[in-house]
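User: Please go through the metal site and the ligand site of this model with me, one question at a time.

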Amino acid sequence: MSDGCGYAEARRVAIFGGTHGNEMSGVALVSVWTRDDREIRRSRVRTEPFLCNPRAVEKCARYIDTDLNRAFTPENLSMPGGEELPYEVRRAKEINQIFGPKGSPDAYDVIFDLHNTTSNMGSTLILESATDHFNLQMVHYIKKAMAPESCMVLLTEHPQLKYSTTRSVAKHPVGLEVGPQPQGVLRSNIFESMRRIVKHALDFIEMFNGGVEFPACRVEVFRVHERVDYPRDTNGNISAMVHPHLQDCDWEPLNPGDPMFQTFDGSTIAYQGAGPVYPTFINEAAYYEKHQAFVTTCRETLAVSAIRKITK
Ligand SMILES: CC(=O)N[C@@H](CC(=O)O)C(=O)O
Ligand SMILES: [Zn+2]
């Protein structure tokens, strides 16, 4: 194709829920679709719902031994052995066998991995590559279909901060992060937003497989810039909270001098960066253990190539 990119049909798609066992929308949707998959069926693509971490779901915990969504490293996936490994490492190897192998031609085409956040992020699509024009066209389609409801795009491509996700076994990995929703809780509005995004995503794949060409476009993304930890005392304990002016303000610009943290005695710690950044995952419950109060991002507009399916 001279003026764009050709991609193979996306014939095998999986929808992952319960990568984190206490993020209930994905757990509930996968269980609904496992009982009756008519809603996610399309004529030109096979879509399978899959529960990634059943033991964590049973306990309603993020994980049993270690975070599954960090476990898909080349070291873990190539490691021999069994019973003595942490549960999630064993599970990662199984998932890689079923849906991968990661990086191989046999891997699934698309994996949607359903997550919830305690942060006020709204609906967010998470992409791992700025050069995957199939995924960029898909998120462009979803954003338009979701309007006027917003759907943000977080790009996690970063030399140090990228992590080895469950969905990364697919050729086209897509994370869905919808919040705010407390851990272990189902909220109908969050559940329904997630369900709508999956519907639009599958409609896009069906159209693509049917031969629809998607013209060049532009898409606004927020690229991960820096992790910011809570202020800590000499014992390593947190000594301040997210400032009320920042709390719930995911995706809004944070300018130099803006309040960022509030100490327990009431004083303000301001942001000292060079220019505006866009914080997200603000005060995410699961990130206290990761020493992350929020992540800053930079807003970018990506030029997306036209795409159409390769016909052999
Ligand atoms: C709150 C949460 O679990 N967020 C996900 C984000 C992602 O899937 O990229 C994670 O840290 O694994
Ligand atoms: Zn999660």
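Analyst: Donors are N, O and S atoms within 2.8 Å of the metal. The model is a predicted one.

User: Which protein atoms are the donors of the zinc ion (ligand 2), and how far from it do they lie?

Analyst: Two histidines, His 20 and His 115, each give ND1.

User: How are the donor residues of the zinc ion (ligand 2) spaced in sequence?

Analyst: His 20 is in the loop between strand 2 (12–17) and helix 1 (24–35), while His 115 belongs to strand 4 (residues 110–116), so the pair links distant parts of the chain, 95 residues apart. The spacing of the donor residues is H-x2-E-x91-H.

User: Is His 20 buried or exposed?

Analyst: Buried means under 20% relative accessible area. His 20 has 2% relative accessibility, so it counts as buried.

User: How much of the exposed area of ligand 1 does the protein bury?

Analyst: An oxygen atom of ligand 1 lies 2.8 Å from a polar side-chain atom of Arg 70. For His 20 the corresponding distance is 3.1 Å, and for a side-chain N or O atom of His 115 it is 3.5 Å. Ligand 1 taken alone exposes 330 Å², and the protein buries 100%.

User: Which cavity does ligand 1 take up?

Analyst: Around ligand 1 there are 14 residues, with Asn 69, Arg 70, Tyr 163, Arg 167 and Tyr 287 coming nearest. The space that ligand 1 takes is the largest cavity.

Notes: Residues numbered from 1 in each chain as written. Chains lettered and ligands numbered in written order. Predicted model: local features only at pLDDT ≥ 70, side-chain atom pairs only at ≥ 80, totals over all residues. Heavy atoms only, no water. Donors = N, O, S within 2.8 Å, 3.2 Å for Na, K, Ca; no water. Helix = DSSP H or I, 4+ residues; strand = E, 2+ residues; numbered from the N terminus. Buried < 20%, exposed > 50% of the residue type's maximum accessible area, 1.4 Å probe, protein only. Near = heavy atom within 4 Å. Polar contact = N/O pair within 3.5 Å; in protein donor to acceptor, adjacent residues only side chain to side chain. Areas by Shrake-Rupley, 256 points an atom, 1.4 Å probe, with all protein chains shown as cover. 1 Å grid on protein atoms, 1.4 Å probe; cavity = no way out; pocket = protein on both sides within 12 Å on 5 of 7 lines; lining within 4 Å. Sits in = over half its atoms within 2 Å of the grid points.
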